[in-house]
Amino acid sequence: MANEMTKLANEQTGAAGKAVFLEVFEEESKRPMELQEQFLLQLIRDNENTEFGKKHDFANIHSIKDYREHVPVQIYDEFAPYLERMKDGEKNVLTAYHFDHMNTTSGTVGNPKYVPLTDRQMQVFLKYNFMYINGLKETLLPPEWHDGKTFCTSEGTYTKQDNGITIGCASAKNAEVLKGGDSQEAQMMRAIYTSPLEAMIPEPGTDTKYLHMRFALMEESVTGIVVGFYNMLAHLLQYTLDNHEMLINDIEKGTIDPGVKMPQSVREELLKRLEPMPERAAFLRKAFSGKVEEPFMKKVWPHITYIFGAGGDGLAIYDKKIKEKYSGGGIHNIYAGVTASEGLWSVPAGVDTEDSILAAGSAFMEFLPVEAGDDFSQAVLMDQVEVGKTYELIITNLNGFYRYRMSDAVKVTGFKNKTPLVQFMFRVNKTISVALEKTTEQALEQTVNRAADELGFYLSDYCVYPDGDQEPGRYVFLIEPDKKGIGVDTDTLRKCIYKHLCEANPRYLYAVEHGNLAEPEVKVLQPETGILYREMMIYKGSNPSQLKPVHVISNERQRKFFFGLTED
């Protein structure tokens with residue numbers, strides 16, 4: 001198993017996290033509205049002398065009711081002018097809290113969004129996204145997770161401006177801790193994770209897939225995997241399946257295949273640290289000696305215990321793919337709560353459950369029923385939500401966002417004490433509505449999954465284009481099977497998809513029956529189209545850790561790419 005430093009690091013982070021887990025899960029959950037009011041009023045007092053605070057009369061806000069009367073609900077574009085000034089170094093614009101980094105994330109039309117990462121928000125992430133998760137593992141997983149390393153797929157880059165503010169990926173900023181020399185924190189983090197810094201903060205032109213998987217495969221002791229989105233893990237595992245012979249040869253000889261792309265300086269530095277591992281290579285060859293279709297994760301990592309990342313609704317295809325194709329099941333899943341570059345709203349409610357518990361101390365939250373549209377008078381608070389209803393999140397947090405309309409929709413599934421349990425459902429701005437039918441991404445995923453199950457083919461990926469250029473409009477489903485193909489003609493597939501789409505969204509059926517929509521069209525994508533699109537976006541500078549799959553085609557670049565890779 002892993003060395004003593006790894007075990008000690010896991011034991012210490014687990015023990016420290018357990019106290020946080022119990023505090024959030026057992027204590028904070030009993031008094032969510034008290035925490036919500038405390039959070040909001042302290043935030044208002046701290047920021048009343050900012051430009052935004054003066055404009056909205058924070059000095060005279062003394063209650064939640066006052067706040068909702070003084071501050072309107074706003075979208076990102078209304079914050080953007082303030083954020084540009086903050087990026088240029090201006091202080092006390094949206095927030096009085098110190099920050100020296102701004103996260104970047106993709107906007108709805110591809111323009112970058114800038115999100116200040118304040119020191120106060122970093123403490124929220126540390127508590128709820130690191131300490132709480134380690135405490136959950138300590139409380140709910142078997143203790144064997146202590147004994148091995150964590151395969152962490154995190155990666156990203158950032159740049160530093162002349163004013164000292166860094167711009168880019170938060171994960172890359174966090175990975176700087178690993179460079180911290182001989183500090184105890186840096187040593188512990190290096191002892192826990194498999195991937196080298198060259199993969200987590202890569203130089204341009206570095207094949208990070210190779211580095212992540214090469215170093216993970218070198219470690220038999222791996223007990224856990226941490227990934228941003230399950231689609232990224234599915235891509236890495238497929239890469240391993242396709243390239244396992246090359247990876248094993250390099251592990252055996254302590255070499256890096258000449259065909260692997262990376263700057264020469266990076267290659268030379270890595271080769272100084274790599275040694276031949278003939279015994280591990282022999283073990284891996286045996287693990288991959290069976291049929292290619294056989295799951296290999298538990299063969300190469302016999303002690304693997306859990307996967308932590310976003311893998312529930314919206315990413316269920318990749319979750320299923322990992323279980324069926326790569327792991328064979330038997331690995332616990334800790335599904336990440338509702339989180340984004342802008343902040344964190346909930347944390348996992350347990351192991352192997354898609355429920356998450358709202359983190360009442362992380363942000364002030366309001367809940368707009370999705371059917372309310374833009375009628376913000378219908379927004380309710382945490383103690384007013386109803387089980388079974390779906391709400392769009394409106395958040396106020398420590399990064400300078402006030403009553404920010406997130407476009408994330410969550411369904412309330414129950415309560416832990418007095419705090420709601422939720423599941424992420426869909427992005428409101430990713431809903432297709434050609435004829436007011438409002439088909440969610442969840443309904444699309446349900447449709448294609450059921451069609452694949454009924455027709456007996458393996459669904460690798462899919463996307464949908466809402467074609468409103470013809471009359472009446474129609475959906476075009478682009479289905480990506482695995483290399484075995486579909487096995488039925490496209491018209492049979494089209495009829496099956498149409499049937500399940502009508503079941504998933506009765507409004508769609510109504511629109512078709514009344515002539516407002518035509519029945520869907522279906523095209524088949526070439527295998528690995530989704531992976532190719534991902535690689536193209538990484539080449540263009542997108543952060544791999546933040547890349548979500550394209551399930552609703554929303555711009556002309558995406559349309560040309562995917563339609564250009566359909567099979568004849």
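Colleague: How many disulfides does the count come to in this model?

Modeller: This is a predicted model, and its cysteines can be judged by how far apart their sulfur atoms lie, since a disulfide is a pair of cysteine sulfur atoms within 2.5 Å. The sulfur of Cys463 has its closest cysteine sulfur in Cys496, at 18 Å, which is too far for a bond. For Cys502 the closest cysteine sulfur is again in Cys496, at 12 Å, and this too is too far for a bond. By this rule the count of disulfides comes to zero.

Colleague: Is Cys463 buried or exposed, and what is its relative accessible area?

Modeller: A residue is called buried when its relative accessible area is under 20%. Cys502 is buried by that rule, with a value of 12%. Cys463 is buried as well, and its relative accessible area is 0%.

Colleague: Which residue of S18 is the bridge partner of Tyr465?

Modeller: Strands S17 and S18 pair in the antiparallel sense, over eight bridges, and a hairpin of six residues joins S17 to S18. Within this pairing, the partner that Tyr465 finds in S18 is Val476.

Colleague: Which residue in S19 stands opposite Val476?

Modeller: Strand S18, residues 474-481, is largely enclosed by the rest of the structure, because seven of its eight residues are buried. Besides its pairing with S17, S18 is joined by four bridges to strand S19, residues 521-524, and these two strands run parallel. In S19, the residue opposite Val476 is Glu521.

Colleague: What is the volume of the largest cavity?

Modeller: The count comes to five cavities of 30 Å³ or more. The largest cavity is lined by 16 residues, and Asp461, Gly530, Tyr533, Pro549 and Val550 are those that lie nearest its centre. By class, this lining divides into nine nonpolar, three polar and four charged residues. The volume of the largest cavity is about 150 Å³.

Colleague: Which elements each supply at least two residues of the lining of the largest cavity?

Modeller: Two of the residues nearest the centre of this cavity are Asp461 and Gly530, and their numbers fall within the ranges of S17 and H19 respectively. The elements that each supply at least two lining residues are helix H11 (230-253), strand S17 (459-467) and helix H19 (529-539).

Colleague: Which elements give two or more residues to the lining of the second largest cavity?

Modeller: The second largest cavity has a volume of about 50 Å³, and its lining has three nonpolar, three polar and four charged residues. Among the residues that line this cavity are Ala234, His235, Tyr318, Lys321, Ser460, Asp461, Gly530 and Ile531. The elements that give two or more residues to this lining are H11, helix H15 (316-327), S17 and H19.

Colleague: Which residues of H15 are buried?

Modeller: The cover over the buried residues of H15 includes H11, helix H14 (297-300), strand S7 (306-310), strand S8 (332-335), helix H16 (441-455) and S17. Lys320 also lies in H15, but Lys320 is partly exposed, with a relative accessible area of 29%. The buried residues are Ile317, Tyr318, Asp319, Lys321, Ile322, Tyr326 and Ser327.

Colleague: With which residues is Lys320 in contact, leaving aside its neighbours within four places in sequence?

Modeller: Lys320 and Val476 are 156 residues apart in sequence, and their C-alpha atoms are 24 Å apart in space. Once the neighbours within four places are left aside, the contacts of Lys320 are Asp453 and Tyr458.

Colleague: What phi does Asp352 have?

Modeller: Most residues other than glycine have a negative phi. Asp57, in the loop between helix H3 (51-55) and helix H4 (64-70), has a positive phi of about 55° although it is not a glycine. Asp352 is found in the loop between strand S11 (346-348) and strand S12 (356-358), and it is partly exposed, with a relative accessible area of 42%. The phi of Asp352 is positive as well, at about 60°.

Technical notes. Residues numbered from 1 in each chain as written. Predicted model: local features only at pLDDT ≥ 70, side-chain atom pairs only at ≥ 80, totals over all residues. Heavy atoms only, no water. 1 Å grid on protein atoms, 1.4 Å probe; cavity = no way out; pocket = protein on both sides within 12 Å on 5 of 7 lines; lining within 4 Å. Points joined across faces, edges and corners; volume = space filled by probe spheres on them. Nonpolar A, V, L, I, M, F, W, Y, C, P; charged D, E, K, R; others polar. Buried < 20%, exposed > 50% of the residue type's maximum accessible area, 1.4 Å probe, protein only. Contact = heavy atoms within 4.5 Å. Pairing = 2+ DSSP bridges.
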